[in-house]
Amino acid sequence: MRLLSVLVIGSLVSSIGSGMTAFALATWAFTTFGTASSVAMIELCALAPIVLLSPLAGVLADRHDRRTMMLLGDGGSALGLATVLIAVTRPEPSLLLVLAGVTVSSCLAALTEPALRAAVRLVNSAEEPDTMTTLAQLREFYRDEGYTGRAPRGADDLAGAALAEKAAA
């Protein structure tokens, strides 16, 4: 139970970091290149591989060792982000190199999700299944909110209420 908690909480922290990285890269692209198309290309390269490769990643997670899949996914994702770091810190930033790094990172990160879900289901203890399920769903919530670059849902409601109050005044 303790090891599974560490795995899920570590994945939660990783998901929050990935969301922050996606938002920071989109902001960097707009401030550096000044075009919405550069932001859209970064978001496309971050999201499309996850959507397109998820079915294949699920099959691979069922047929191979899940720990190996998670190590390959996270390790390869880190290499993709290292490419992004190199591209961003160059004297003359290269959008193509950033897009390549984001795509590689996203492709390999797609391997991690199905393997983690399967591991949580297999190792989940009968005594506390709700705790692990809640932690896994919390991790997915922060991953999804981070990739879309939006504020959490409660903040949307709060902002809408503040605007409605200001309009009424």
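Author: Let's take helix α2, starting with what it hides: its buried residues are Ser38, Val39, Ile42, Glu43, Cys45, Ala46, Pro49, Ala57 and Ala61. Buried here means under 20% relative accessible area, exposed means over 50%, and partly exposed is in between (1.4 Å probe, protein chains only). Helices are DSSP runs of H or I with at least four residues, strands are runs of E with at least two, and both are numbered from the N terminus.

A quick word on ground rules. This is a predicted model, in which local features need pLDDT of at least 70 and side-chain atom pairs count only at pLDDT 80 or more, while totals for chains, interfaces and linings use all residues. Residues are numbered from 1 along each chain as its sequence is written, and side-chain values use heavy atoms, with hydrogens and water left out.

Now the helix itself. α2 runs over residues 36-63, and its 28 residues should span 40 Å at 1.5 Å a residue; the end C-alpha atoms are 41 Å apart, so the two agree. (The expected span is 1.5 Å times one less than the number of residues.) There is a bend of about 50° at serine 54, with proline 55 following within four residues. That bend is the angle between axes fitted to the seven residues ending at a residue and the seven starting there.

In soluble globular proteins, nonpolar side chains tend to be buried together.

Let's zoom in on two partners of α2. Contact means heavy atoms within 4.5 Å. Leaving aside neighbours within four places in sequence, valine 102 is in contact with Leu25, Ile42, Cys45, Ala46 and Val84. Serine 106 is part of helix α4, and it counts as buried because its relative accessibility is 5%. With neighbours within four places again set aside, serine 106 is in contact with Cys45, Ala46, Leu47, Pro49 and Ile50.

Next comes α3, with 24 residues and a reach of 34 Å from first C-alpha to last, close to the 34 Å expected at 1.5 Å a residue. Its buried residues are Met69, Met70, Gly73, Gly76, Ser77, Gly80, Val84 and Ala87.

Stepping back, the chain has 7 helices and 0 strands. Of its 169 residues, 33% count as buried. Among contacts with a separation of 6 or more, 74% join residues 24 or more positions apart.
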